[in-house]
Amino acid sequence: MSKKRGLSLEEKREKMLQIFYESQDFFLLKELEKMGPKKGVISQSVKDVVQSLVDDDLVSKDKIGTSVYFWSLPSCAGNQLRNVHQKLDSELQNSGTRHAQLVEQCEALKKGREESDEREAALADLKAIQLKHNELKNELEKYRDNDPAAFEAMREAIEVAHTAANRWTDNIFTLKQWCSNNFPQAKEQLQSMYQEIGITDEFDYLEMTPLPSKVVAD
């Protein structure tokens, strides 16, 4: 029996918008967290999904007294789309104007570039300089592994990946605890499912060996 695929972030956003559009009402976050599962969005992810809609101006948010309310009407989404359309249309017009300016500049630059011995010599010199530049660039690439900036970027990337992996591990432990609390009678079935997807007793947070703070020269 195939496992049911979880909703993507965009699908979750659509499901939460349906709640607002169908009711056209105001909601507290805790109310949305109760309604989310009815649309297939688990309560733990409702807050992040709703915040992403707020960030994109698809859902409005305001504090009234000590409570924070969320709402969205179909007309609000329509206004947002119209604003986006107007912005893109303006950018398109600006791009057209810029294109015409560049074409005009290109035509102006062509003047005085007729074929001549001096021009051919200058182009030959330019080509030689470009070749030398590429040779130096390739030579420099050989020493890239000892570049402090490159090493620092790699170290930061490793730390970000490590943090993300442990964040997902924490989410998995939270989900396991939720399943145990809500389905205690299915303990054996849950344990079997965990084993099938690779969540064994050895599953735990990742430990990362500290990296040196800078490149050590040979």
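1. Strand β1 (residues 27-28) and strand β3 (residues 67-71) run antiparallel and are joined by two bridges, in a model that is predicted. Strands here are DSSP runs of E with at least two residues, and helices are runs of H or I with at least four, both numbered from the N terminus; two strands count as paired if DSSP finds at least two bridges between them. The bridge partner of F27 in β3 is F70, while L28 has Y69 as its bridge partner in that strand.

2. On the basis of the model, two remarks are in order. Because the model is predicted, local features need pLDDT of at least 70 and side-chain atom pairs count only at pLDDT 80 or more, whereas totals for chains, interfaces and linings use all residues. Residues are numbered from 1 along each chain as its sequence is written, and side-chain values use heavy atoms, with hydrogens and water left out.

3. Strand β2 (residues 60-64) is also antiparallel to β3, and five bridges join the two; in this pairing K61 stands opposite F70. β2 and β3 form a hairpin with two residues between them, and G65 in the turn has a positive phi of about 70°. Taken together, the three strands make an open sheet in the order β1-β3-β2, with antiparallel pairing, and its edge strands are β1 and β2, each of which pairs on one side only.

4. Which residues does F70 contact, once its neighbours within four places in sequence are left aside? With contact meaning heavy atoms within 4.5 Å, F70 is in contact with F20, D25, F26, F27, L29, L32, V50, V54, V59, S60 and K61.

5. The structure holds two aromatic pairs; rings of Phe, Tyr and Trp (its six-membered ring) pair if their centres lie within 6.5 Å, and planes under 30 degrees apart count as stacked, over 60 as edge-to-face and the rest as tilted. The rings of F20 and F27 have their centres 5.7 Å apart and their planes at 75°, so this pair is edge-to-face, and both F20 and F27 are buried. Buried means under 20% relative accessible area, exposed over 50% and partly exposed in between, with a 1.4 Å probe and protein chains only.

6. In the other pair, the ring centres of F26 and W71 are 5.1 Å apart and the planes lie at 50°, so the pair is tilted. Because F26 lies in the loop between α1 and β1 and W71 in strand β3, the pair ties together parts that are 45 residues apart in sequence. F26 is partly exposed, with a relative accessible area of 45%, and W71 is partly exposed with a value of 21%.

7. For the chain as a whole, there are seven helices and three strands, and from the N terminus on the elements run α-β-α-α-β-β-α-α-α-α. Buried residues make up 16% of the 218 residues, and residues 24 or more positions apart account for 59% of the contacts with a separation of 6 or more.
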